[in-house]
Amino acid sequence: MTKRAYFTTPIYYVNGSPHIGHAYTSVLVDMLSRYHKLLGYETWFLTGTDEHGDKVMRSAEKQGMTTTAFVDQISGEFRALLPQLHIANDDFIRTTEERHKKVVRQVMQNLYDKGEIYSAQYGGRYCFGCERFYTDKELVDGKCPDHDTEPEWIEETNYYFRMSNYQDWLISHIKGHPDFIRPEKFRNKALSFLEAEPLKDLSISRPASRLSWGIPLPFDEKHVTYVWFDALLNYCSALGYPDGELFQNFWPEAQHITAKDILIPHGIYWPCMLKAAGIPLYNHLNVHGYWQVDAAKMSKSRGTVINPLDLVQKYGVDAFRYYLAREMRLGNDADFSEVALVNCINSELNDDLGNFVKRITGMVAKYCDGIVPAPNGPAPDQELLDGLERKIMDALQRCAQEIDLHPVVESLIEVVRSMNKYITDQAPWTKYKNGDTATVNGLMYASARMIGLLAQALQPVMPEKSLEMLALIGIPERPVEIDPDLVKPGGKVNSERALFQKYEAPALEDAEPAAEVRPEITPFRDEIEFDDFMKLDLRTATVKTAERVPKSDKLLRMDMDDGTPEGRQIVAGIAKHYTPEEMVGRQVVIVANLKPRKLMGLLSQGMVLCAHGEGGAIRLLTPEAVVMNGGSVS
Ligand code: MSP
């Protein structure tokens, strides 16, 4: 049976140019779609622009442009960004296109005929400067904060969608389908929104006299619809709803990907609209966190809006994509820093991956006349190699089930590190010197095979680099679906080219030197002997699971991978600083030989090291790049 998947990004507003946040969602969806293809899925990937509404009209006016010329320009910028980020979308929809407007009108008429849409008077305080209603809370001394004028009370007819009818149904649907909205914390948010108070009906229109930049209602031309009722339907209109072949094939497999800002429209309005219109629901809503800068929202005034193209120009598209996948865990916010980006490229892409490929191609050139040799049977420690292959295949499968790419990329880079260690342990150079050609051939073949598999598995993240990697071991093309046996003896390697390069860390902005006010620090403790220090057994460990300790606001209970098969449990007083979700997957430093003790009845087998900042802030100590668990720290 054909496996299919349909992925969507939000359609972006066209009132400003794209930034790293927009780039991230589109790159993430591209990677997901490519991973699914690699696993044999037929996929469809939609993105586009949301072009109606008064904000857009006002932005156009500010630029002295007609609305049409303005939306064409900005939508064009979003579209042009895609190939520059190596994004291979199948379609790009604009809400100003006729194919979309037609579907919006059709669905509206259908809902109106069924009595799901009704008109009612609405009264509110309206600022003509802002062209919008204000709630009393938003006003300052009864005046619009932007125009310092008193808004006028106006009454008008609006159309409403009877969303309130669907509250109970949606609660039970979300409860009955635990992964309808994921990850769990956003599912819980949507549920608490629904359970908090009665759901209100949704206002879906504005009088055309006040807002002309929308889609006229089919049953009342004096009103237009815009924003959510218009925008959400793009996911169906682009597939040719209701009869299009694409709609028949792909809609049942729909997965939306958005950031947390638009959880409510996607998790609540949209399912209610679908249900009312008799359209089957989407499969999953996958919600990611926000990219921030210096732990705050990007802001034009602070100059912290990151332009993805600047980074692409400096560091290359694929390295940028890798960083995006590596840095953000689905559901959590991530802090963008160019220093972290450079570190990631230097250590993981250049030192680990690039170095592995360069070592192997160099050795094949030297020991095997530049040709991938035929093995003479299994390589030394073949079980380890088989295990690494399984790890790659498992990571890919997990990606299809869980959507989070961070652990996938992490597993792949761990395989690279294990291969580097394997080669160092096996020391082919000594075997070559001793004339053990059979073992050298076995090692070179196995390593080339692993490069081939890694290149394929990294293809969704780094499409161009993956092709380069394959070319370096003499493979001119990559298969559509993953093929572990892609590498055959006989390929001619290229040992000259390096896959990545190292970069200087960018200089931090020259800040005005402020008068230095140093916080008081706690007094230093008495000196100790070196032997005393050596009594401490500090190790690296990765948090596997984490949860709050009931009845404690300070403690988290964590299962850690400390390099031993059984692992250990640590209870740490960090719950005010880190959520369980933020801890899972983190590598930290632990005191491994602290006598176990019980905290709130739970055994804690060690301590997690943290740095203590001002005002009681604490930050975890983490190796600068991931290393093996259980490694000693000194
Ligand atoms: N037009 C609506 C969406 C309609 S979908 C039927 C909209 N547009 S938007 O331009 O504001 O895009 C919001 C989306 O852009 C987020 O959900 C996310 O995908 C992306 N991002 C914008 N800023 C972001 C960050 N700072 N971080 C991560 N993603 C962000 O809402």
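## Aromatic pairs

The count comes to 23 aromatic pairs. Rings of Phe, Tyr and Trp (its six-membered ring) pair if their centres lie within 6.5 Å. Planes under 30 degrees apart count as stacked, over 60 as edge-to-face and the rest as tilted. This is a predicted model, in which local features need pLDDT of at least 70, side-chain atom pairs count only at pLDDT 80 or more, and totals for chains, interfaces and linings use all residues. Residues are numbered from 1 along each chain as its sequence is written, and side-chain values use heavy atoms, with hydrogens and water left out.

A pair of aromatic rings is described by the distance of the centres and the angle of the planes. Phe-161 and Tyr-166 form a stacked pair, 6.2 Å centre to centre with 20° between the planes. Both Phe-161 and Tyr-166 are buried. Buried means under 20% relative accessible area, exposed over 50%, and partly exposed in between (1.4 Å probe, protein chains only). Elsewhere, ring pairs link Tyr-6, Tyr-235, Tyr-241, Phe-247, Trp-251 and Trp-270 into a cluster.

## Charges over rings

Two rings carry a charge over the face. The rule asks for NZ of Lys or CZ of Arg within 6 Å of the ring centre and within 35 degrees of the ring normal. Arg-4 lies over Phe-250, at 6.0 Å from the ring centre. Lys-465 has its charged end over the ring of Phe-500, 5.0 Å from the centre.

## Helices α5 and α10

Helices and strands are DSSP runs (H or I, at least four residues, for helices; E, at least two, for strands), numbered from the N terminus. Helix α5 spans residues 167-176 and helix α10 spans residues 263-277. They pack at an angle of about 110°, with axes 10 Å apart. Axes are lines fitted to C-alpha atoms, for helices over the stretch in contact, and angles run from 0 to 180 degrees between N-to-C directions. The two helices are therefore roughly perpendicular. Angles under 35 degrees count as roughly parallel, over 145 as roughly antiparallel, 65 to 115 as roughly perpendicular and the rest as oblique.

From α5, the contact (heavy atoms within 4.5 Å) uses Trp-169, Leu-170 and Ile-174. From α10 come Gly-267, Ile-268, Pro-271, Cys-272 and Lys-275. Six of these residues are nonpolar, one is polar and one is charged. Here Ala, Val, Leu, Ile, Met, Phe, Trp, Tyr, Cys and Pro count as nonpolar, Asp, Glu, Lys and Arg as charged, and the others, Gly among them, as polar.

## Met-393

Met-393 is found in helix α14 (residues 382-402). It is partly exposed, at 26% relative accessible area. Leaving aside neighbours within four places in sequence, Met-393 is in contact with Leu-453, Ile-482 and Pro-484. Val-571 is 178 residues away along the chain, and its C-alpha atom is 33 Å from that of Met-393.

## Backbone exceptions

Most residues other than glycine have a negative phi, and most peptide bonds are trans. A cis bond joins Arg-182 and Pro-183, with omega about 0°. Pro-183 is in the loop between β7 (181-182) and α6 (184-196). The bond from Tyr-241 to Pro-242 is cis, with omega near 0°. Pro-242 is in the loop between α8 (234-237) and α9 (245-250).

Asp-141 has a positive phi of about 50°. Its place is the loop between β5 (132-134) and β6 (152-161), and at 74% relative accessibility Asp-141 is exposed. Asp-381 has a positive phi near 55°. It is in the loop between α13 (338-367) and α14. At 38% relative accessibility, Asp-381 is partly exposed.
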